[in-house]
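I opened the notebook today to look up a few points in this model, and I keep the entries in the order in which I took them up.

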Amino acid sequence: MRALLLATAALAALSTAGLAQTTTYSQVERGRYIAATGNCQGCHTVPGEAPYSGGRPMPTPFGTIHAPNITFAERSGIGRWTKDDFWQAVHRGIGRDGQRLYPAFPYPHFTKMPRADVDAVYDYLAALPRVEKESPPNSLPFPLSWRRLMAGWNLLFFTPGVYQPDPARSPEWNRGAYLVDGPGHCGACHTDKNLVGADRQSRHLQGGELDNWAAPDIRAGRNGGISHWSDAEIVEYLKSGRNAHTAAVSTMAEVISYSTQLMTEADLSAMAVYLRSLDSPARSAASPPAEAVMTAGRDIYADNCSACHKADGTGVPRFFGPLAGSNKVRDPNPTTVIRILLEGARSVPTNARPTPLSMPSYAWKLTDAQIAAVASYVRASWGNAAPEVSESTVRSLRQTLKEAEAH
Amino acid sequence: MRKLPPVDVVLVGFGWTGAIMAQELTDAGLQVLAIERGAWRDTPTHFPPTTAPDELRWYWRKEMFQGNARDTLTFRNNRDQVARPMRRWGSFLPGEGVGGGGVHWNGQTWRFLPSDFVAASHNTARYGALPEGMTVQDYGVTYDELEPHFHRFDKLCGIGGKAGNLRGQIIEGGNPFEGPRSAEYPNPPMHMTFSQDQFIRAARELGLHPFPGPSANLTRAYVNPLGCQLAPCSYCGFCEKYGCGNYSKASAQTTILPVLMRKANFTLKVQNEVLSITRDSTGRRATGVTHVDVDGTRYEQPADLVILCAYPLSNARLMMLSGIGETYNPATGEGLVGKNYCYQVMTAAQVFYDDKFTNGFVGAGALGAAVDDYNGDNFDHAGLGFIGGGYIANWTTNARPIETHRTPEGTPTWGSQWKAAVADNFLTSTTVGAHGASMAYATNALDLDPTYKDVYGQPLLRMTYDFTPNDRAMARYMSERTTEIARLMGGREVKVVKREGPYDSMPYQTTHNTGGTIMGTTPANSVVNRYLQSWDVPNLFVMGAGVFPQNAGYNPTATVAALTYWAAAAIRSQYLRNPGPLVQA
């Protein structure tokens with residue numbers, strides 16, 4: 001009984017501390033929405049565990065980083081952080097103890113967020129249940145484990161600063177640019193990185209690769225990867241996880257699940273307006289694969305793929321992704337196409353469309369050469385003109401995925 | 001025995017009726033637990049298009065069905081015989097696992113006729129007293145009462161078809177005999193093939209009224225009212241006995257589970273078998289169920305409401321094992337649980353062409369054309385010596401090479417001549433079949449076997465069944481009508497597949513086993529009332545085709561589903577407000 005009383009007293013003390021920091025219901029709700037625009041939950045939650053309690057491993061080309069616990073737990077979370085501490089982290093990439101944070105935490109994007117929005121996220125996190133849970137240590141090799149190195153990185157690649165609207169553009173465009181390049185941190189995946197993991201600004205949103213997925217070009221202007229999507233289709237994709245052209249799988253499935261499906265239509269439309277303004281350089285058509293490869297690919301496709309994706313690659317829009325004109329299929333980087341053939345894929349279930357329509361794995365059924373042939377075939381048919389896929393590329397990805405799974 | 005925390009509702013079995021009931025009662029805010037003895041199953045993980053069309057695995061090696069090494073039933077044709085266990089399924093194929101038999105159905109989605117629900121009073125009024133030994137009775141619920149619930153199921157599944165009776169107005173091209181529909185089918189009919197074109201032409205020549213079969217194989221991409229997505233059917237011909245790999249067949253998996261499984265007030269426990277329904281000391285109130293997991297650990301699960309959603313044979317057996325109600329004794333006519341077990345009587349004629357391709361591999365479970373002129377009481381039975389009937393249809397369900405190979409009359413049953421005949425006729429033949437009703441008789445029943453036990457030491461269910469005088473007269477008549485149509489379909493020859501001799505439990509006929517927990521108007525003639533509520537134990541409800549007092553000449557799924565929605569509505573609108581008997585005895 002005494003122990004119980006003590007525990008109650010401790011709880012009371014905690015909640016008093018909480019009271020000092022939380023404000024109104026509407027401020028917390030505002031924070032919840034802003035946290036959703038930043039997909040904070042995606043990295044800071046291990047699926048199935050308490051929201052924001054951290055511990056999720058983030059594989060990077062440099063080693064594995066574990067997202068920290070950002071509940072207001074005193075010991076293992078950020079319960080001792082002030083609003084200023086939180087602002088320093090989000091805006092400048094500097095932790096409470098003065099340590100440099102790694103840009104796996106996308107502060108180069110979050111720096112665009114205004115102070116009031118960051119404060120609202122703080123108030124929202126403060127209102128959540130506190131969960132004491134230590135994150136596993138990061139596994140970065142020396143010298144990367146030496147956080148002070150990041151000071152130099154920041155000097156070279158990081159410009160702190162809240163988003164400044166472009167007065168020549170509409171408020172909607174500016175809102176979209178802020179969401180895409182700020183909290184939405186779309187470039188974290190969709191912009192190619194240099195050797196030390198910083199965005200190549202010249203290839204902004206023109207596609208990147210991480211964790212053995214190719215994130216496609218998502219620019220909607222001339223020659224952009226999604227130039228053939230209407231604004232309404234962009235909004236539909238971000239809201240329901242699918243549209244007439246494709247469905248979200250893998251990492252983008254999480255983004256939609258935790259973030260964009262919870263956003264307002266107005267914000268999603270603004271993102272579409274901004275993406276529409278971004279042109280890409282024209283792609284040169286690759287030379288088509290040899291006739292023998294096309295013949296093999298066509299036959300494999302007819303037997304294994306055509307029931308859902310149709311003989312002419314038009315698929316069943318919103319159900320089974322069309323391959324003709326697909327941004328994923330046409331991507332110069334074939335990683336996603338090969339990976340989906342090997343592992344299968346699962347469309348994200350959303351509130352609007354709860355069915356996780358899925359494609360099975362073909363790893364057990366098709367050889368590396370067969371997967372290369374059918375991937376080459378779909379990449380070079382129905383108007384698609386992406387480069388041929390070699391058997392060795394398939395073999396190497398199959399091996400990499402096998403090793404990743406073993407870890 | 002471990003006692004578990006109580007829940008509001010426990011569902012025993014998790015196929016179509018369990019999923020519908022769970023969706024309805026979680027919507028009402030109740031904490032619902034479903035207990036299923038089979039495993040979790042879903043499209044991409046258990047029957048993706050890469051493995052769904054595996055004839056050996058799913059059908060011949062019976063992986064899709066209830067495993068009968070742990071529990072089966074014993075069978076005999078009549079009370080003079082000693083029943084023996086069915087060690088391998090044959091005549092029917094009970095499902096097991098999430099989705100139940102609804103995973104491996106064909107998708108033929110019929111509504112029973114208005115007169116089917118009042119079979120006793122309707123036929124008695126028209127033809128006089130029922131024959132000696134026939135125990136047909138009214139359901140206690142009418143077609144009109146069920147129509148909104150049929151409609152909900154049509155929308156849930158995205159049924160494709162053509163209405164023949166829209167709010168009383170007869171529509172050309174649909175089934176003119178059907179009960180009035182409140183709306184057109186949600187989707188258009190399936191594409192007909194050469195065989196259906198011949199059937200439709202032949203039926204019209206005979207003055208009959210052909211129409212496209214109602215189909216739960218999706219005829220176009222469809223989003224149901226819950227937001228679940230069903231894809232257009234690819235006509236691969238692997239429906240009945242198989243899971244659909246293409247999200248193209250309505251099942252619990254494709255229509256309900258994506259929404260239900262996300263609900264916080266729903267829990268599914270798989271690979272746990274319910275052993276009994278527990279009751280309090282009065283015997284008038286169920287307190288929950290006991291169940292056992294795969295490790296043999298036994299649990300007591302308390303619940304305010306117990307709803308049986310397993311296969312009809314299992315529901316009847318669980319009632320008997322739990323001692324709820326008196327088991328029917330054909331010798332005395334006493335007791336009701338196990339009474340009015342019914343089946344269906346299939347007759348067929350095969351048409352063989354010389355130079356016309358029927359191409360059965362372009363098939364689907366519910367791709368077909370039918371006539372309903374000889375079903376129920378759609379025709380005058382005066383002087384025929386039977387009541388009821390069946391629809392006659394030409395379905396192109398499949399060309400699965402191990403299962404489906406028609407050979408003309410006089411072909412040997414094995415050897416090189418048989419092989420040659422199979423090859424010659426594989427792409428150039430089709431079947432016209434009648435789906436005949438089954439009227440209840442006092443002699444056909446279910447009870448507990450005195451000798452054989454399941455893996456847990458509980459008695460197996462014993463089935464006593466043979467074709468009845470009504471079945472035989474009806475089958476003769478239906479066979480003649482079927483052959484008439486077949487002969488006009490332009491083939492080289494027609495082979496009549498006769499239904500003669502006693503019922504044989506081995507060759508596959510149909511998985512439409514009904515009765516045993518029948519519904520009716522009074523506690524004296526039924527196990528459950530018109531709301532599928534036990535007369536004896538008012539917080540116990542029984543779903544499924546076991547409540548049919550007799551079986552109609554249709555596939556039962558839509559009627560089973562409509563009755564489930566009907567019962568769920570009664571629970572939500574009446575029972576929860578005032579728990580107790582919904583019909584005063």
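Which domains does the domain assignment of chain A give? I am working with a predicted model, and for chain A the assignment lists domain 1 (13-157), domain 2 (171-276) and domain 3 (291-406).

Entry on domains 1 and 2. I looked up the C-alpha centres of domain 1 of chain A and domain 2 of chain A, and they lie 23 Å apart. The contact between these two domains takes 19 residues from domain 1 of chain A and 19 residues from domain 2 of chain A. On the domain 1 side, at least two residues each come from α2 (25-37), α3 (40-44), β1 (57-60), α5 and α7 (149-157) of chain A, and α2(A) supplies the largest share, three residues. By class, I noted 11 nonpolar, seven polar and one charged on that side of domain 1 of chain A.

Entry on helix α4. In α4 of chain A (residues 83-92), I found F86(A), A89(A) and V90(A) to be buried. These residues are on the same side of α4(A), because they cover an arc of only 90° around the axis. I then asked what they pack against, and the buried residues of α4(A) pack against α5 (107-110) and α6 (115-126) of chain A. Just after α4(A), I noted that G93(A) takes a positive phi of about 75°.

Entry on the two chains. The contact takes 19 residues from chain A and 18 residues from chain B, and the side of chain A that touches chain B has 12 nonpolar, three polar and four charged residues.

Notes:
Residues are numbered from 1 along each chain as its sequence is written. Chains are lettered from A and ligands numbered from 1 in the order in which they are written. This is a predicted model: local features need pLDDT of at least 70, side-chain atom pairs count only at pLDDT 80 or more; totals for chains, interfaces and linings use all residues. A residue is buried if 20 or more other C-beta atoms lie within 10 Å of its own, exposed if 12 or fewer, and partly exposed in between; C-beta atoms are placed from the backbone. Helices (H or I, at least four residues) and strands (E, at least two) are DSSP runs, numbered from the N terminus. The arc is that of the directions from the helix axis to the C-beta atoms. Two residues are in contact if their C-beta atoms, placed from the backbone, lie within 7 Å. Ala, Val, Leu, Ile, Met, Phe, Trp, Tyr, Cys and Pro count as nonpolar, Asp, Glu, Lys and Arg as charged, and the others, Gly among them, as polar. Domain bounds come from an automatic or database domain assignment.
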